Amino acid sequence: MPIDEQIHEFVGARRADLVRFAALQLRDPALAEDVVQETLIAAMQGAAEFGHRSSVKTWVYSILKRKVIDALRTRRQEVPVSQLGAAVEDDDGCEGLFDQRGFWATEHRPHRWADPEDSLEQQQFWQVFEACLDHLPERTSRVFMMRELLGLEVSEICQELAIVTSNCWVILHRARMGLRRCLDETWFAR
Amino acid sequence: MMNCKQATELMSQELDRPLAWRERMALRLHNLMCRGCHQYRKQLAFLRMALRSRAGGD
Ligand SMILES: [Zn+2]
């Protein structure tokens with residue numbers, strides 16, 4: 001199949017996924033639609049140079065990630081990150097999880113998750129997953145998604161958001177702690 | 001001995017930077033004796049894998 005048809009087919013089938021991916025990070029459905037639209041145009045224009053270096057999926061997502069980063073940058077000039085959501089020092093998201101000595105409180109000690117890989121195939125799991133991401137404080141989820149969805153290095157994120165590295169680590173730790181806890185309680189505890 | 005709170009911090013950081021030898025040893029020792037943290041580490045790895053698969057990774 002010619003590459004431009006492959007791109008069309010992929011975007012046709014996965015458009016909703018692409019929009020959700022962008023919307024999670026931008027928290028603006030209309031902007032997410034625009035970014036996906038731009039991504040499609042860029043993908044079609046770049047079809048000739050794409051060759052077969054990677055799968056269409058990987059390639060389209062790599063364009064989408066760049067577009068999301070651009071959109072975040074543009075918007076950051078309008079809303080400084082320092083004004084977003086809870087400040088770092090607010091709460092550490094760990095309250096109640098550990099006892100006074102810093103060991104897991106009995107009721108919060110992690111237990112084995114049953115067949116987590118199987119969950120990845122279930123649409124319901126992703127709905128829960130996205131709801132859990134949405135529950136993170138905005139600033140926390142921004143940093144976390146730059147790291148895990150956009151695949152940026154911590155040093156790049158720090159520079160981009162003008163925060164010190166150790167703060168970045170703390171924020172990422174809280175995001176993982178919060179996301180794990182939410183999934184544990186709402187999905188794996190069933 | 002390192003406590004669970006410190007161990008969870010290191011388990012997060014090992015996804016973002018290479019740990020120093022001492023940190024790796026302390027964490028390994030803790031997780032040998034702590035089933036909760038042993039599970040926590042597996043679950044963080046799962047979260048990363050899930051998110052990367054979401055982000056167009058093959
Ligand atoms: Zn522990």
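In helix α7 of chain A, the buried residues are Arg139(A), Thr140(A), Ser141(A), Arg142(A), Val143(A), Phe144(A), Met145(A), Met146(A), Arg147(A) and Glu148(A). The helix runs over residues 138-148, and because 10 of its 11 residues are buried, it is largely enclosed by the rest of the structure. The model described here is a predicted one.

**The two chains**

Chain A has 190 residues, of which 46% count as buried. Its secondary structure consists of nine helices and zero strands. Followed along the sequence, the pattern of chain A reads α-α-α-α-α-α-α-α-α.

Chain B has 58 residues, and 53% of them count as buried. Three helices and zero strands make up its secondary structure, and the pattern along the sequence is α-α-α. The C-alpha trace of chain B spans about 40 × 25 × 15 Å along its principal axes.

**Two loop residues with positive phi**

Most residues other than glycine have a negative phi. Two residues of chain A are described here for their positive values. Arg27(A) is not a glycine, yet its phi is near 55°. This residue sits in the loop that joins α1 (3-26) to α2 (29-45) of chain A.

Asp115(A) counts as partly exposed because its relative accessibility is 49%.

**Charge on the surface of chain A**

Asp115(A) also belongs to a surface patch of negative charge, together with Glu117(A), Asp118(A) and Glu121(A). Where in chain A is Glu121(A) found? Glu121(A) lies in the loop between α5 (116-119) and α6 (123-135). With a relative accessible area of 70%, Glu121(A) is exposed.

Chain B carries a nonpolar surface patch of about 510 Å², formed by Met1(B), Leu29(B), Leu32(B) and Met33(B). Within this patch, Leu32(B) is part of helix α2, which covers residues 21-33 of chain B. Leu32(B) counts as exposed because its relative accessibility is 71%.

Is Thr8(B) buried or exposed? Thr8(B) counts as buried, because its relative accessibility is 0% and buried means under 20%. Thr8(B) is located in helix α1 of chain B, which covers residues 4-13. A polar atom of the Thr8(B) side chain lies 2.7 Å from the backbone oxygen of Lys5(B).

**Accessibility of the residues discussed**

The table lists the values given above for single residues.

| Residue | Relative accessibility | Class |
|---|---|---|
| Thr8(B) | 0% | buried |
| Asp115(A) | 49% | partly exposed |
| Glu121(A) | 70% | exposed |
| Leu32(B) | 71% | exposed |

Two of these residues belong to the surface patches of chain A: Asp115(A) and Glu121(A) are both in the patch of negative charge. Leu32(B) is one of the residues of the nonpolar patch.

Conventions:
Residues are numbered from 1 along each chain as its sequence is written. Chains are lettered from A and ligands numbered from 1 in the order in which they are written. This is a predicted model: local features need pLDDT of at least 70, side-chain atom pairs count only at pLDDT 80 or more; totals for chains, interfaces and linings use all residues. Side-chain values use heavy atoms; hydrogens and water are left out. Patches are made of residues with over 30% relative accessible area and no salt bridge: like charges are joined within 9 Å, nonpolar side chains (Val, Leu, Ile, Met, Phe, Trp, Tyr) within 5 Å. Accessible areas come from the Shrake-Rupley method with a 1.4 Å probe; for residues, only the protein chains shown count as cover. A salt bridge is a side-chain nitrogen of Lys or Arg within 4 Å of a carboxyl oxygen of Asp or Glu. Lys and Arg count as positive and Asp and Glu as negative; His and the chain ends are not counted. The place of a charge is taken as NZ of Lys, CZ of Arg, CG of Asp or CD of Glu. Helices (H or I, at least four residues) and strands (E, at least two) are DSSP runs, numbered from the N terminus. Buried means under 20% relative accessible area, exposed over 50%, partly exposed in between (1.4 Å probe, protein chains only). A polar contact is a pair of N or O atoms within 3.5 Å; within protein, one must be able to donate a hydrogen and the other to accept it, and residues adjacent in sequence count only if both atoms are side-chain atoms.
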